[in-house]
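Me: I would like to learn how to read a fold from its strands and helices. Could we work through one case?

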Amino acid sequence: MCKAQNTGVCLNVNPARPGGAYGYVDMGGWIGGQAEFVMIPYADFNLLKIPDRDRGMAKIRDLKCLSDILPTGYHGAVTAGVCPGSTVYVAGAGPVGLAAGASARLLGAAVVIVGDVNKARLDHARRVGFETVDLSEDATLSDQIAAILGEPEVDCAIDCVGFEARGHGHSGSQTEYPSA
Ligand SMILES: NC(=O)c1ccc[n+]([C@@H]2O[C@H](COP(=O)([O-])OP(=O)(O)OC[C@H]3O[C@@H](n4cnc5c(N)ncnc54)[C@H](O)[C@@H]3O)[C@@H](O)[C@H]2O)c1
């Protein structure tokens, strides 16, 4: 796969374990994907060259979003089947959750609701125009969704929490989080 320039699915590109993802903490040995500098394996073909350095540096934050966070959120929105008029629930108000919410808007969603337990993140999500639900509140998720939509369900849901998910609410626990 590496010889075919498909390092994203190569079993050998990572020094520490099989798998093609690199640049992340504990994902194989190539760290720094969102740091100031990163080591790029097979950089001779594995880099997208920005033709104009000055214009590239002027938009470097946007370009960085395009390299990882936004496509992740966009993929979630597409996979969830978001289309014009959809009502959407996004679990997690982190970078990926907000990118998924923005992508859902691009795909024509009628309403995007973002849920989290982190009040500062929910405040930010509201500031940028999303509806929010606070999962640390007593009301259940479906009750909070019903308060916004008039019914306790959405057309599409996107998990933007990942393996760091924490239990909460009536079917979980707000205090007994997994120790990992
Ligand atoms: N940031 C990236 O570029 C990127 C890219 C690809 C994949 N990922 C993966 O996507 C996932 C999310 O990434 P992130 O950077 O937004 O993570 P993050 O940790 O910054 O945000 C996750 C949010 O989910 C909230 N949360 C925890 N449990 C919840 C629950 N049960 N319901 C709703 N919200 C809950 C947390 O409070 C937190 O604000 C992770 O698994 C990450 O590894 C991230």
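This is a predicted model: local features need pLDDT of at least 70, side-chain atom pairs count only at pLDDT 80 or more; totals for chains, interfaces and linings use all residues.

Me: How do I read a sheet, and in which order do the strands lie here?

Reply: Strands of a sheet pair through backbone hydrogen bonds, either parallel or antiparallel. Here four strands make an open sheet, ordered E3-E2-E1-E4, with parallel pairing. Strand E3 (131–134) and strand E4 (156–159) are the edge strands, each pairing on one side only. On average, neighbouring strands of this sheet are turned by 20° against each other, direction ignored.

Me: Over how many bridges do E1 and E2 pair?

Reply: Five bridges join strand E1 (residues 87–91) to strand E2 (residues 111–116), in the parallel sense.

Me: Which strands does helix H5 lie across?

Reply: Helix H5 (residues 95–106) lies across E1, E2 and E4, and runs at about 170° to E1. Helix H6 (residues 119–127) lies across E2 and E3, with an angle of about 165° to E3.

Me: How is the packing of two helices described, and at what angle do H4 and H5 pack?

Reply: Two packed helices are described by the angle between their axes and the distance between the axes. Helix H4 (residues 69–79) packs with H5 at an angle of about 55°, and their axes are 7 Å apart. H4 is therefore oblique to H5. The crossing in which H4 passes H5 is right-handed.

Me: Which residues meet between H4 and H5?

Reply: From H4, the residues are Ile69, Leu70, Thr72, Gly73, Tyr74 and Ala77; they meet Pro95, Val96, Ala99, Ala100, Ser103 and Ala104 in H5. By class, this contact has nine nonpolar residues, three polar ones and no charged ones.

Me: Now a single residue. Where does Glu151 lie, and why is Glu151 classed as partly exposed?

Reply: Glu151 is in the loop between helix H7 (141–149) and E4. Glu151 is classed as partly exposed because its relative accessible area is 40%, and that class lies between the cut-offs of under 20% for buried and over 50% for exposed.

Me: With which residues is Glu151 in contact, leaving aside neighbours within four places in sequence?

Reply: With those neighbours set aside, Glu151 is in contact with Ile145 and Ala146. For a separation in space, consider Glu151 and Gly92: they are 59 residues apart in sequence, and C-alpha to C-alpha they are 21 Å apart.

Terms used. Residues are numbered from 1 along each chain as its sequence is written. Side-chain values use heavy atoms; hydrogens and water are left out. Two strands pair if DSSP finds at least two bridges between them. Axes are lines fitted to C-alpha atoms, for helices over the stretch in contact, and angles run from 0 to 180 degrees between N-to-C directions. Contact means heavy atoms within 4.5 Å. Buried means under 20% relative accessible area, exposed over 50%, partly exposed in between (1.4 Å probe, protein chains only). Angles under 35 degrees count as roughly parallel, over 145 as roughly antiparallel, 65 to 115 as roughly perpendicular and the rest as oblique. A crossing is left-handed if the near helix is turned anticlockwise from the far one by less than a right angle, and right-handed if clockwise. Ala, Val, Leu, Ile, Met, Phe, Trp, Tyr, Cys and Pro count as nonpolar, Asp, Glu, Lys and Arg as charged, and the others, Gly among them, as polar.
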